[in-house]
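Colleague: I am new to this structure and would like to learn how to read some of its features. Could you take me through a few of them?

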Amino acid sequence: MSDDPHYQATQDAHTGPIKNPKQLLLAVFFSFIAPILIIAGLVSYVVSGTHPSGDAQGDSMSLYGVSKEARDREVAERLKKVGSIEIRDANRPLAAGEAVFKAQCVACHGAPGIPTAPHLNDAAAWGPRLGQGYATLLEHALKGKGAMPPQGGGDFEDVEIGRAVVYLANSAGAKFPVPDRPAAPAPEAAASDAAAPAKP
């Protein structure tokens, strides 16, 4: 019966590629033990300190050239509140024009300053500007004009910026009066305004 070709083909179809114990041991080794050894080797490589690890330097770790302090500062900047409230004393004395000039205007309008800006005591540069009048000069100072950024809304009140404008203009020959805060309404007038009915 073993000479029957049909029988021989059936026998070959039901046998596997492993025909002896040596082949069985090799198949077991390459199927199970080799992958386990490769995984164990990779794990030991990852957890060991012998592989290259970039610029890690302990607590002051530098990441792509940026120090931990710089990253913390940038995160704090991104997380800070958008708006803030500053409470100022409305009755504090106004700063003098010269003090406001030295604090806020001297970088551009002082010596040497910016070449295109009119400087303190420069009558030739201020001459055409003085003809525009104090109100126009104040508006340019508060809202900005050309390369000059707006100065309003900063550390000084608008009246104090006006005092700096007068200080600069008067240094070039103008005769502008020094501005002051508007007078508060009398208590009687404020009470009568509040008691008056609203007009439709």
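Colleague: Is R92 buried, partly exposed or exposed?

Modeller: This is a predicted model. A residue counts as buried under 20% relative accessible area and as exposed over 50%. R92 has 22% relative accessibility, so R92 counts as partly exposed.

Colleague: Which residues does R92 form salt bridges with?

Modeller: A salt bridge needs a side-chain nitrogen of Lys or Arg within 4 Å of a carboxyl oxygen of Asp or Glu. R92 pairs with E160, where the closest N and O atoms are 2.8 Å apart. R92 sits in the loop between α3 and α4 and E160 in helix α7, so this pair ties together parts 68 residues apart in sequence. E160 is buried, at 0% relative accessible area. R92 also forms a salt bridge with E157, with the closest N and O atoms 3.8 Å apart. Here E157 lies in the loop between α6 and α7, so the parts tied together are 65 residues apart in sequence.

Colleague: How many salt bridges does a search of the whole structure find?

Modeller: The search finds 5. Among them is R163 with D180, the closest N and O atoms being 3.8 Å apart. R163 lies in helix α7 and D180 in the loop between α7 and α8, so the pair ties together parts 17 residues apart in sequence. Shared partners join R92, E157 and E160 into one network.

Colleague: How are two packed helices described?

Modeller: By the angle between their axes and the distance between the axes. The axes of α6 (residues 134-143) and α7 (residues 158-171) come within 10 Å and cross at roughly 120°. These two helices are therefore oblique to each other, and their crossing is right-handed.

Technical notes:
Residues are numbered from 1 along each chain as its sequence is written. This is a predicted model: local features need pLDDT of at least 70, side-chain atom pairs count only at pLDDT 80 or more; totals for chains, interfaces and linings use all residues. Side-chain values use heavy atoms; hydrogens and water are left out. Axes are lines fitted to C-alpha atoms, for helices over the stretch in contact, and angles run from 0 to 180 degrees between N-to-C directions. Helices (H or I, at least four residues) and strands (E, at least two) are DSSP runs, numbered from the N terminus. Angles under 35 degrees count as roughly parallel, over 145 as roughly antiparallel, 65 to 115 as roughly perpendicular and the rest as oblique. A crossing is left-handed if the near helix is turned anticlockwise from the far one by less than a right angle, and right-handed if clockwise. Buried means under 20% relative accessible area, exposed over 50%, partly exposed in between (1.4 Å probe, protein chains only).
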